[in-house]
Amino acid sequence: LLAMKHVQQSDFQEAHRWLDEAREKEAEQGSLFFDTFFRLIAERRLAVAERDWPEAWSAFESFIEMVEKSGMRWWRAQALREWAEAHLARGESGDEERVRELLLESQAEFEDMGAPIYAAQVKEILSGLA
């Protein structure tokens, strides 16, 4: 959580320090589910902020796999939305198609869960695409 706080403050060096500490503790003591859960969120957000796309995509994939196995649908839908937003930030050839795929999947997941406010937010992002 402290790593995420430092990412939001654009203090990437401190975010890396907290992530390194979290990884060390996980290696020494083993990890609890939510230790890994929040570490993966922090890793992907830091990688996106630093525009380290391979690291970001890897962290998104690991997180999505984790929440799929755990049945954490809201977190999966939210991660899909954030992944789409990361592709928008990257802005490379082919990203727009991937953005649409991720957003449509996120929107459908939010709708299936009965979370219309979140579905509407994703729909708004979709409507802003060319």
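Okay, let's begin with what I mean by a helix: helices here are DSSP runs of H or I with at least four residues, numbered from the N terminus, and strands would be E runs of at least two. With that in hand, E111 sits in helix α6.

A quick word on where this comes from. We're looking at a predicted model, where local features need pLDDT of at least 70, side-chain atom pairs count only at pLDDT 80 or more, and totals for chains, interfaces and linings use all residues. Residues are numbered from 1 along each chain as its sequence is written, and side-chain values use heavy atoms, with hydrogens and water left out.

E111 and H87 are 24 residues apart in sequence, and their C-alpha atoms are 22 Å apart in space.

Now go to D95, also in α6, which covers residues 95–113. D95 is buried, at 3% relative accessible area. What does the side chain of D95 reach? Another is the backbone nitrogen of G91, 3.3 Å from a polar side-chain atom of D95. If you set aside neighbours within four places in sequence, D95 is in contact with H87 and R90, contact meaning heavy atoms within 4.5 Å.

Next, helix α5, which is where you'll find W83. W83 is buried too, with 7% relative accessible area. Again leaving out neighbours within four places, W83 touches W57, F60, E61, I64, R98 and L102.

In α4, the buried residues are W53, A56, W57, A59, F60, F63, I64, M66 and V67. Why that kind of spacing is worth a glance: an α-helix has 3.6 residues a turn, so residues three or four places apart point the same way. The buried residues of α4 pack against α3 (33–49) and α5 (73–90). How far apart are the end C-alpha atoms of α4? They are 26 Å apart, which agrees with the 26 Å that 18 residues (53–70) should span at 1.5 Å a residue; the expected span is 1.5 Å times one less than the number of residues. Just after α4, G71 takes a positive phi of about 70°.

Two other residues have a positive phi without being glycine. S10, with phi near 60°, is in the loop between α1 and α2, and S10 is exposed at 54% relative accessible area. R51, with phi of about 60°, lies in the loop between α3 and α4, and R51 is partly exposed at 45%.

Last stop, the lining of the largest pocket. Which helix gives the most to this lining? That's α2, with 7 residues. By class, the lining has 9 nonpolar, 2 polar and 5 charged residues. For those classes, Ala, Val, Leu, Ile, Met, Phe, Trp, Tyr, Cys and Pro are nonpolar, Asp, Glu, Lys and Arg are charged, and the others, Gly among them, are polar.

Methods. Buried < 20%, exposed > 50% of the residue type's maximum accessible area, 1.4 Å probe, protein only. Polar contact = N/O pair within 3.5 Å; in protein donor to acceptor, adjacent residues only side chain to side chain.
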